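Subject: Handing over the model

Hello,

Here is the structure I promised to pass on to you. Please have a look at it first, and then read my notes below.

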Amino acid sequence: MLRKRTLSLFVLAGILFGATAATAESGSIALYGKPKYTGDWQHFDYVNPNAPKGGRIVLPAYGTFDNFNPFIFKGIAATQVAALTMDALAFTPDDDITAAYPLIAKKFDLTDDYIEFFIDERARFADGSKITADDVIFSYRSLVEKGSPLYKIYYADVDRAEKTGALSVRFYFKKGSNNKELPLILSQMLIYSAKDWEGKDFAKPYLEAPLGSGPYILTDFQPNKYLVFKRNPNYWAKDLPSRKGFFNFDEIRYDYYQDTTVTLQALFSGNIDIREEYIAKIWATGYDNDKVKNGKIVKEEIPHSETARLQNFAFNIRRPQFADRRVRKAVGMAFNFEWAKKNLFYNQYERLNSCFTNSGMEATGLPVGRELEILEQFRKELPASVFDRPPENPVYGDYLSARENLRQAVALLREAGYDFVDGKMTNLKTGKPLKFEILSNSANGSSFTRVMLPFLQNLQKIGIDASFRNLEVNVFKNRLDNFDFDVAIITFPISRLPGNEQKEFWGSASADAKGSFNLIGIKNPVIDRLLDGLVAAQTKEDYAAHIRALDRVILNEHYMILQWYAPRKQVAYQNRFAHPKTDLKVGFQPYTWWMKEEERR
C-alpha cells in the first residue's frame, strides 16, 4: 500500500509469500498463508461494529498545503483528503497485513500471470455515478505516467492493464518479475473518476477536491488553515464488513499548526480534541494540570506492533564530504543518545538499532545461516566489517566512553584523509575544512534544538564545523525534493513486512529522481541485488534473511545516524470520546473512535 503523508511520508503495505496461484475467483487476497477473516465474517476484530454515529472531532495537522492530490511531485498535499474521500480496490486491516479484503472490488482472480479485479456493481462516486473499469485504468495510468516518479518504480513489475469487462480489470505481471507483493500493492490503489478529470492535468496541483468514493466529502477549507470533512450519508460501502466500525463522526475537521508544541494549549483550551504526543518531556511534565487531574482530558499509552519509524540524520552522499563511509561513521560517533535519553527523553524512548527496529528481522550479531549465504555472494564487493563486526551504535556510558568515541572518530577521519589544521578538521588533499549544515523543519518546533546542542558541541571538539537550521515546512520539502541539503532529519515509515517500496528508499533507480525517497543518494549494486532478492523471496525464511542482509549492508555503510523511537503511542484526548478496547496491538486508530452518546445530545 502506498499513501502520501505530510513531508513525503508514506504508509506502505507488507510483502507476501507462498503460492501466488489462485485459479478460482476469491473474496480476499492472501499470499502468505490463509486470510484471518474467512466465511461469513462481519467486521474486523479491532473495531466496534456498533459504535454510535454522530458528533464532530477536531484534529491537528502540521505545516501547510496547496494541493489536494497527494500522488504528484508538485505542491504540498493536504492531510487526509485522499484517505477520507477516496476508496481503494481493497482494504488491508492492521491485524492482517498480508491480506486484502473487498472494497471497490468485490472479488479477485489471482494467478501466476495476473490479478483481475471485479468491481462491486454497487460501487459509486460521491455524485452517484458508477465506478467502472475505465476509472481503474485511468487511475493506474495517471499514477504511472503523471504521478510522482516513485510510482514508475512502485508499479514497475506491471506489464499492462487490460479492461476485461465494464466492471473488471486485469493487471498482467511482467515475466520473471517474481514480485510476490504486487497483487496487494495493486489492491491498495485509490480510484479516481476518469470523467471528473476530463480537461484537467493530473500532474498539476489543484485546490479542488477530486471526486471520490470514500466515506467523507470535503465541504470546506482554507489553505494552510483548516479542512472540514462531512460524512457522506449515501456512502455506498458503509455496510461492507471492511467498513463496519470505521468513520463514526459526522464531521472531521483538521486545523493546521506550524509547531507541534502549540497544539498542547489547543488541547487544553478545547480547540482540538485529540493530540498524539511526540515529545517525551511534554508527556512527562506538560500535562500536570487540573483538566488532566479531574479527568476532563485523558492521557493514554496505546501499544502497537508496528515496525519503528526510521527517524534519522540522513547524509546526502551526493555531497563530496560524505562520499567516504569513514567520514559518515565518524560524524555518527559524536552523537550521544544516552545523554538525550536521560536528560531530555525521560527514559521514554529507545535507540533505533536497525532500519527495521521492532520487526523481529533486525540484523544482529554476526551473519549466520541463510543470511550469511546471501552475503557470501558479495564478499568481494563488501567491506570485511560486514562479516566480522556486529552492527551497533556507539554508547556513551560515562566520561571515558565519551572520550573514546571521539578518539575513534578522529582516527576514522585521519584514515579518510583529514587532520587538524589550525584546529579545524581539514581535507588534506583539497584544503577544505569539514563543514556541513543539518536541516529540520518547523513542525518539529524547538524540540530538536535541545538534542542538537551537545551533538554540535561534540562535533566541534573534533574540529567539525556543523550548524543546525529549522526551515518552514514547504521550504524544507522543496530542499529535500531537490536533494539540496547536507544532512537532514527525516523519517522513513517502515512497514511491518517491508517489501517493494524499499527500492524507493535504497535503490539506485530512484537516486536521481527528484522527489524520490532515496534522499541519501544511494547507488550500491549490492543493495540493488539484495532488494531484488527481497522482492522475489519465495519463503518467509528467505525473505527474513534478505531483510537482515539488506539491513546489515545499509548499517555498515553508515548512510544515516539512527535516532530513537517510542514503543507505545502516547495520546491525550478530551474525555468525551471513546475507542475500541482490544488486545490487538494496532496502535492509534482515530477513525475507529466515536463520541460518547451523552456528549452527542
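A residue is called buried if its relative accessible area is under 20%, exposed if over 50%, and partly exposed in between, using a 1.4 Å probe and protein chains only. This is a predicted model, in which local features need pLDDT of at least 70 and side-chain atom pairs count only at pLDDT 80 or more, while totals for chains, interfaces and linings use all residues. Residues are numbered from 1 along each chain as its sequence is written, and side-chain values use heavy atoms, with hydrogens and water left out.

Helices (H or I, at least four residues) and strands (E, at least two) are DSSP runs, numbered from the N terminus. Contact means heavy atoms within 4.5 Å.

**Two residues to start with**

Asp255 belongs to strand E13. Because its relative accessible area is 13%, Asp255 is buried. Neighbours within four places in sequence aside, Asp255 is in contact with Val58, Leu59, Pro60, Ala61, Lys225, Tyr226 and Asn271.

Asn224 sits in the loop between strand E11 (216-222) and E12. With a relative accessible area of 33%, Asn224 is partly exposed. Again leaving out neighbours within four places in sequence, its contacts are Thr64, Phe65 and Tyr256. Asn224 and Gln258 are 34 residues apart along the chain, and their C-alpha atoms are separated by 9.4 Å.

**Aromatic rings**

A pair of aromatic rings is described by the distance of the centres and the angle of the planes. Here, rings of Phe, Tyr and Trp (its six-membered ring) pair if their centres lie within 6.5 Å; planes under 30 degrees apart count as stacked, over 60 as edge-to-face and the rest as tilted. How many aromatic pairs does the structure hold? There are 51 of them. Phe91 counts as buried because its relative accessibility is 11%, and Phe246 counts as buried at 6%.

Phe492 and Phe505 form a tilted pair, with centres 4.8 Å apart and 35 degrees between the planes. Since Phe492 lies in strand E22 (residues 487-492) and Phe505 in helix H15 (residues 502-506), the pair ties together parts that are 13 residues apart in sequence. Both Phe492 and Phe505 are buried.

Rings also meet charges. A charge sits over a ring if NZ of Lys or CZ of Arg is within 6 Å of the ring centre and within 35 degrees of the ring normal. Lys299 has its charged end over the ring of Trp283, 4.5 Å from the centre. Lys107 lies over the face of Phe118, at 5.5 Å from the ring centre.

**Packed helices**

Two packed helices are described by the angle between their axes and the distance between the axes. Axes are lines fitted to C-alpha atoms, for helices over the stretch in contact, and angles run from 0 to 180 degrees between N-to-C directions. Helix H8 (residues 325-333) and helix H12 (residues 399-415) have axes that come within 8 Å and cross at roughly 165 degrees. H8 is therefore roughly antiparallel to H12 (angles under 35 degrees count as roughly parallel, over 145 as roughly antiparallel, 65 to 115 as roughly perpendicular and the rest as oblique). On the H8 side, Arg326, Val327, Lys329, Ala330 and Met333 meet Asn405, Gln408, Ala409, Leu412, Leu413 and Glu415 of H12.

Helix H10 (residues 369-376) packs against helix H17 (residues 540-557) at about 60 degrees, with the axes 8 Å apart. H10 and H17 are therefore oblique to each other. Among the residues making this contact are Ile374 and Leu375 of H10 and Ala545, Ala549 and Val553 of H17.

**Backbone angles**

Most residues other than glycine have a negative phi, and most peptide bonds are trans. Tyr346, in the loop between helix H9 (337-343) and strand E17 (350-351), has a positive phi near 55 degrees. Tyr346 is partly exposed, with a relative accessible area of 36%. Phe483 also has a positive phi, of about 55 degrees, and counts as buried at 9% relative accessibility.
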